[in-house]
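Let's take a friendly walk through a few local features of this model. Have the coordinates open as you read.

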Amino acid sequence: MAEPRTPSESAQGGGQPQEADVLRHILRSPGYLKTLVLCALIGIPVSLAAFWFLVALHELEHVLWADLPSAVGLTDPPWWWPFPLLLFAGTVVGLIARHLPGAGGDVPGAGLHTGVASSAALPGILLAAAACLPFGAVLGPEAPLIALGGGLALLFRDLSRAPATPRGLALLGAAGSAAAIAAIFGNPLVAAVLLIEVAGVGGPQLFAVMLPALLSSGIGSLVFTGLGRWTGLGTGDLSLKLYAPLPRLDAPDVFWAVAIGAVFAVALHPVSVGARAVADYVTRRPFARTVLCALGAAACAALYALITGRSPAEAALSGQAALGSLAADPYAWGVGALLALLLFKGIAYALCLGSLRGGPVFPGLFLGAAAGVLLAPLPGLGIAPAMAAGMAAATATMLRLPVSSVILVVLLLGSAAMMPVVILAAVVAFVVTELLPAGRPAPAPAGGT
């Protein structure tokens, strides 16, 4: 049997394209296949660890914000409830940032990173997340999960005594992070695409190629949908006919999606710029200023509760639980409550992004959904497309990951019917965000990751 040719030999012989030969050569290499098997095995314990970590966070949040108030005879947490909880969170994170390796992980205002946490930094990252997320920080769990998955993957590699190479380390770290992040999104595709975009494998060229393709596919979907309705003809597709009718998009939905993308990018720009300014401010005196920012976030939640008469938990925490109730009954919030929510949760979001530990995804989704509900009465818009465009625009603005934002929002909606609106809002928001002044640079990632 003839030995497989190397990529260079194949290119010189005028055979198949060199890219295909390079891929085949990589797949046939014993080292890569061993790494692939190890990644598959690592996914099991990493997923188990991520699952129980999320369960612990959820249960602790329920105890702090539901069980304890009920135990003292309260139906909802009082307006002052966030102060002691976030004081504790700020104190713990400040101490970790000052004294433990890795400083408790990256400041979330710097964005998501795929750097693998060292074994020395991982305990501080998990402890900081446990002290922040259930205690009222306006952050989500995705950044600690990425660190948890990548750190555990390397730990299992060390235990298995697998050979360490730069490529192997990168593959194992990405595999572990993807397995962990899939636990929170409940979908492996979102996790894989998110890790690809966060890693930035293709650099600026990846986004330069991806944005036109994404935008063109969204426009193409609208054209095909419109022609199909106008002519009554079909080209054949792979869509399933579900028992419930899906919402239909109209021309006003498309117009408002573009407008929402641009407006949300401008409106949320101060949040991301402010978060980086807060992070720079906290760096000089990490303990005292982390505590101060945490108390500032608590004040925002307390003011929201005092003004609206609603629970301060709506303006605190990640918004993951509140997002479901908002989608189920969007009219439960009045216009005044929605405006107060956007103001105070937005300020608390910026403070937490710059000082505490967690991830930026779920608060951005919730703020986008709340703003979409507020804009839904616009002529020809409606709740479903407004929330879809709002979540897509807010997520793309805060994460600067347009493809991940589209997939995540479509997954949350449980239908691809709103996909053209989601794509338009995400692409417009991303482009506008990139064209706005960047402000001060993001803080450098924490050491030990």
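C132 is buried, with a relative accessible area of 0% (buried means under 20% relative accessible area, exposed over 50%, partly exposed in between, with a 1.4 Å probe and protein chains only). This is a predicted model, where local features need pLDDT of at least 70 and side-chain atom pairs count only at pLDDT 80 or more, while totals for chains, interfaces and linings use all residues. Residues are numbered from 1 along each chain as its sequence is written, and side-chain values use heavy atoms, leaving out hydrogens and water.

How many disulfides does a search of the whole structure find? The search finds zero, a disulfide being a pair of cysteine sulfur atoms within 2.5 Å. Two cysteines show why, because their sulfurs are too far from the closest cysteine sulfur for a bond:

| Cysteine | Closest cysteine sulfur | Distance |
|---|---|---|
| C132 | C352 | 7.6 Å |
| C300 | C352 | 8.6 Å |

C300 is also buried, with a relative accessible area of 7%.

Now to the backbone. Most residues other than glycine have a negative phi. L317, however, has a positive phi near 60°. L317 sits in the loop between α11 and α12 (320-328), helices being DSSP runs of H or I with at least four residues, numbered from the N terminus. L317 is buried, at 8% relative accessible area.

R400 likewise has a positive phi, near 60°, and lies in the loop between α15 (383-399) and α16 (402-413). R400 is partly exposed, with a relative accessible area of 25%.

Note on methods. Helices (H or I, at least four residues) and strands (E, at least two) are DSSP runs, numbered from the N terminus.
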